[in-house]
There are 2 protein chains.
Amino acid sequence: MKYCSHCGSSVSLQIPPGDNLPRRVCEDCGTVHYQNPNVVVGCVPQWQDQILLCKRAIEPRSGFWTVPAGFLENRETLQEAAIRETAEEALANVDLGSLLAIVNVPHASQIHMMFRARLLEPDFGPGDETLESALYTEDQVPWSLIAFPSVRFTLERFFADRASGGEELHITTVGPIKY
Amino acid sequence: MKYCSHCGSSVSLQIPPGDNLPRRVCEDCGTVHYQNPNVVVGCVPQWQDQILLCKRAIEPRSGFWTVPAGFLENRETLQEAAIRETAEEALANVDLGSLLAIVNVPHASQIHMMFRARLLEPDFGPGDETLESALYTEDQVPWSLIAFPSVRFTLERFFADRASGGEELHITTVGPIKY
């Protein structure tokens, strides 16, 4: 950010009065431009003993597999976002279940929140940001091709809970992908 | 937002290719400026049978009572934010417990996330954004002066769970304050 989105003048990094972090502040109109983390919301859609995964068509991690998930939009609830993203990315309709995982992703300034879900019918396909969507049993999951650490954590906890009959909420923090 | 924060030119509302929502797009350099919800994180600090509340010194709802809470910052985890906000607003140190409440606040494009917590010692005071901080037993809580619906929900669930010995996560959606 170089310019004030309110008046178009230059901004500079300053700690505003009463604040304790540097913010981008307009040198002309004084507007403080806060930048805060984004929320990514998704789900693990289950059909019988299989789950629905999507092969990403976009960067980052194009060609790698994920659960349907994306950025929470303004004026949206977490549940609405998870259902919408599944419809957009996997062309699939789900009933949401309990919250499965919250993953802090501080290096990317993101919080990932993943729900359990049930596919309403075995209909799915690739949305615009998806190369391919497919149902996998636990032993078919392409673990070496999972897109993000938060998705790996989500899937591991999903299968462990399914095996034990539990429905815990799991909270963790992940670092960058190690290539 | 009227001007591009990247180049200073004018922005206009457009639906970018491959998107389905109007975004502010620079008419010159084409940068798409996404705006997404913010996360508010806080906790209910407990000391013996009392909880710590703060009387707000800032708008919105100056003079009304809340739990220590504030905006999640970039590169921060939810837990770090809850501990930091409690230190800033109530000058108090806490050990965080389990996640107590997630509240969708779609009219404000916010998600509020509240943890259980224990005060490490009965030391507290008013931070810069707080007029007064004080310990309350359940029957002393100033229910008619609680700042936000999400805080009321959080406190109601906190006391109900404490009475039953449960430690559930509660998820809800609230609308605007009715004056």
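1. Domain bounds here come from an automatic or database domain assignment. On that basis, chain A splits into domain 1 (1-35) and domain 2 (38-173). The centres of domain 1 of chain A and domain 2 of chain A, taken over C-alpha atoms, are 36 Å apart.

2. A word on what you're looking at. This is a predicted model, where local features need pLDDT of at least 70, side-chain atom pairs count only at pLDDT 80 or more, and totals for chains, interfaces and linings use all residues. Residues are numbered from 1 along each chain as its sequence is written, while chains are lettered from A and ligands numbered from 1 in the order in which they are written. As for confidence, pLDDT is the predictor's own per-residue score, from 0 to 100; chain A averages 96, and 99% of its residues score at least 70. The model's ipTM is 0.96 and its pTM is 0.96.

3. Now the overall build of chain A. Helices (H or I, at least four residues) and strands (E, at least two) are DSSP runs, numbered from the N terminus. Chain A has two helices and eleven strands, and from the N terminus on they go β-β-β-β-β-β-β-α-β-β-β-α-β. Taken along the principal axes, the C-alpha atoms of chain A fill a box of roughly 60 × 35 × 30 Å.

4. Two strands count as paired if DSSP finds at least two bridges between them. Three strands of chain A make an open sheet, ordered β1-β2-β3, with antiparallel pairing. Its edge strands are β1 (11-14) and β3 (32-33) of chain A, each pairing on one side only. Strand β2 (residues 23-26) of chain A and β3(A) are antiparallel over two bridges, and A:V25 sits opposite A:V32 in β3(A).

5. Chain B has an open sheet of three strands too, in the order β1-β2-β3 and with antiparallel pairing. β1 (11-14) and β3 (32-33) of chain B stand at the edges with a single partner strand each, so one side of each has no neighbour in the sheet. β1(B) pairs with strand β2 (residues 23-26) of chain B over four antiparallel bridges; there, B:S12 stands opposite B:V25 in β2(B).

6. Next, follow β8 of chain A. Strand β8 (residues 94-105) of chain A pairs with strand β9 (residues 110-119) of chain A in the antiparallel sense over nine bridges, and A:V103 has A:H112 in β9(A) as its bridge partner. The hairpin of β8(A) and β9(A) has four residues between the strands, and A:S109 takes a positive phi near 50°. β8(A) also runs parallel to strand β11 (residues 170-173) of chain A, joined by four bridges; A:N104 has A:T173 in β11(A) as its bridge partner.

7. On to what's inside. A residue is buried if 20 or more other C-beta atoms lie within 10 Å of its own, exposed if 12 or fewer, and partly exposed in between, with C-beta atoms placed from the backbone. Of the 179 residues of chain A, 36% count as buried. A nonpolar core is a set of buried Ala, Val, Leu, Ile, Met, Phe, Trp, Tyr and Cys residues joined through C-beta atoms within 7 Å. The largest one has 80 residues, and those with the most contacts inside it are A:V41, A:V44, A:M114, B:V41, B:V44 and B:M114. A second, separate core has eight residues, including A:Y3, A:V11, B:Y3 and B:C26.

8. Contacts tell a bit more. Two residues are in contact if their C-beta atoms, placed from the backbone, lie within 7 Å. In chain A, 59% of the contacts with a separation of 6 or more are between residues 24 or more positions apart. Leaving aside neighbours within four places in sequence, the contacts of B:V44 include B:I51, B:V67, B:L100 and B:F158.

9. Have a look at A:A90, in helix α1 (residues 78-90) of chain A. A:A90 is buried, because 26 other C-beta atoms lie within 10 Å. Not counting residues up to four places away in sequence, A:A90 touches A:L52, A:C54, A:P68, A:F124, A:G127, A:T130 and A:S133. A:A90 and A:A134 are 44 residues apart in sequence and 8.8 Å apart in space, C-alpha to C-alpha.

10. Last, the interface. 32 residues of chain A are in contact with 32 residues of chain B. On the chain A side, the elements giving two or more residues are β4 (38-47), β8 and β11.
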